[in-house]
Amino acid sequence: MKILGQFKMNAQLASRERSHFFFRSDISSSPSSSSSLKLDDYGNLFDEGKVKTRLLSMWNNVKYGMKLKTNFSKESPVWLLGKCYHKKVESPCSDSTELGTDVVAFQSQTDIANSDEEGFEGFKADFMSRLWLTYRREFPVLNGSTFSSDCGWGCMVRSGQMLLAEALIRHFLNRGWRWNPEQQPTTKQSYIENVNHRKIIKWFGDKPSRNSPLSIHSLVQLGESMGKKAGDWYGPGFVAHLLKKAVNLASKDNYEFDSLHVYVAQDCAIYVRDVLEQCSPKKDGNWKSLILLIPVRLGAEKFNPIYAPCVTALLSIEQCIGIIGGRPKHSLYFIGYQDDKLIHLDPHYCQEMVDVWAADFPLSSFHCRSPRKMHLSKMDPSCCIGFYCSTEEDFLNLIENVQTLVIPPGQGGHAEYPMFIFCDGYQKDAELPPIRQLPPDVEYPVEGQDSEYVDDEEFEIL
């Protein structure tokens, strides 16, 4: 009843917005007047597009913005992008079942011990430091459209932005960086971190600007050349190629992107010689930090449970920057897990646009304080896995460590169906196609979205 009452109140506010009188002299100056200005029952003009956006935004915020709590057990470790948090463990344990995955064998004992000592408070600080990029409203109209919000269709693009933002945080701030909203920069190092933190957010600012090369405006414009436009829904594989184009384009205007290279796997195969050559160009020989994006399909219509241990194992290694996918018709950004539930950031909460070019713009809407979880079995089979390798050694270690993790455990010939493979050579020289063909992406339309939401309680430890 409380939720219904909130929605009715929001609907009344939108009704008032709808009946707001527009002077006829203002019609010509409205960019959307030719298509969305209409008369209401009282003869007043209203902007139908803005009303629809506001109503959809309100519905999303009632549906996804409720104060929820997610249950976390202190009996089980929590993994977040390669970090393990567990209050109960006092020393690293060689029993892989207790720590949730055999990936512990690839972690240094020092790393695990430090994470354990931080405990659950360390997990919360780590989670809150990830960038949260969501639907926004009232931003400048997207080129060639009447959209001033991506509410209802841009969730996969926002998930892709978060994946890329994590790679940029690793690159410019490092994995150990933490955002503390209560603490002001007091040292030279903390000041530099604050500048870089804000700089990364500015690159994703919701406006058509060369200074925001990773904005929703830039990505949608790039998508048009690939057959998509504003209002269409994007699959994870499509978004991976979109991010690659955006970073390449950004490097033409901003030297800071020169030290980055995005490689998108084709047909679930990574050609090692191609990566080494592209990340170490002959002209200078310096390694470009690698953002490796691997679109995969883990089942036909539904997620195949044989890949569940593979997904959690990948989220446990230090080079992983997360997985974009979600549940059917609902994109999410997966960044960790506890037991058989995935921890994620949800882009569906619609917020007001923030002018990131204003001095000391507020940061709170770019960080989420409420972790949410979803059962692994509800994961959509179409997704894209991301890794960040700062050095060539990181990349070679990734190849070595991942080989066994991407093969489903057990008997029955599952070794023939790895999630993806590394090929020692160049793609141009491949005579045969890779082991697995990549099926088309599953789209994420707004119609018929899954109304069931998991773990509808507030954040607490059991």
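Modeller: Buried means under 20% relative accessible area, exposed means over 50%, and partly exposed lies in between (1.4 Å probe, protein chains only). Helices (H or I, at least four residues) and strands (E, at least two) are DSSP runs, numbered from the N terminus. This is a predicted model: local features need pLDDT of at least 70, side-chain atom pairs count only at pLDDT 80 or more, and totals for chains, interfaces and linings use all residues. Residues are numbered from 1 along each chain as its sequence is written, and side-chain values use heavy atoms, with hydrogens and water left out.

Colleague: What makes H5 a mostly covered helix?

Modeller: The count of buried residues. In H5, 17 of the 18 residues are buried.

Colleague: Which residues have the most contacts inside the largest nonpolar core?

Modeller: A nonpolar core is a set of buried Ala, Val, Leu, Ile, Met, Phe, Trp, Tyr and Cys residues joined through side-chain atoms within 4.5 Å. The largest one has 67 residues. Phe-123, Leu-168, Ile-200, Phe-204, Tyr-234, Ile-291 and Leu-293 have the most contacts inside this core. Helix H5 (residues 155-172) gives the most to the core: ten residues. A second, separate core has 51 residues, including Cys-320, Ile-323, Phe-387 and Ile-421.

Colleague: What does Ile-200 touch?

Modeller: Contact means heavy atoms within 4.5 Å. Leave out residues up to four places away in sequence, and Ile-200 touches Leu-131, Leu-168, Ile-169, Phe-172 and Leu-173.

Colleague: Why is the pair of Glu-166 and Arg-130 called a salt bridge?

Modeller: The term needs a side-chain nitrogen of Lys or Arg within 4 Å of a carboxyl oxygen of Asp or Glu. The closest N and O atoms of Glu-166 and Arg-130 are 2.9 Å apart, so the pair qualifies. Side chains of opposite charge can pair when their charged atoms come close. The structure holds 13 salt bridges.

Colleague: What does the pair of Glu-166 and Arg-130 tie together?

Modeller: Parts that are 36 residues apart in sequence, because Glu-166 lies in helix H5 and Arg-130 in the loop between helix H4 (109-129) and S6.

Colleague: Which residues are linked in a network of salt bridges?

Modeller: Asp-126, Arg-130, Glu-166, Arg-170, Arg-175 and Arg-178.

Colleague: What makes Arg-137 and Glu-352 a salt bridge?

Modeller: The closest N and O atoms of Arg-137 and Glu-352 are 3.4 Å apart. The pair links distant parts of the chain, 215 residues apart: Arg-137 is in strand S6 and Glu-352 in strand S13 (residues 351-352). Arg-137 has 16% relative accessibility, so it counts as buried. Glu-352 has 40%, so it counts as partly exposed.

Colleague: Where do the side chains of Arg-158 and Asp-150 meet?

Modeller: In a salt bridge, at 2.8 Å from N to O. Arg-158 counts as buried at 2% relative accessibility. Asp-150 is buried too, with a relative accessible area of 0%.

Colleague: What is the phi of Asn-174?

Modeller: Near 90 degrees, a positive value in a residue other than glycine. Asn-174 follows H5, in the loop between H5 and helix H6 (188-203). With a relative accessible area of 40%, Asn-174 is partly exposed.

Colleague: What is the phi of Asp-339?

Modeller: Near 55 degrees, a positive value in a residue other than glycine. Asp-339 lies in the loop between strand S11 (330-338) and strand S12 (341-345). At 45% relative accessibility, Asp-339 counts as partly exposed.
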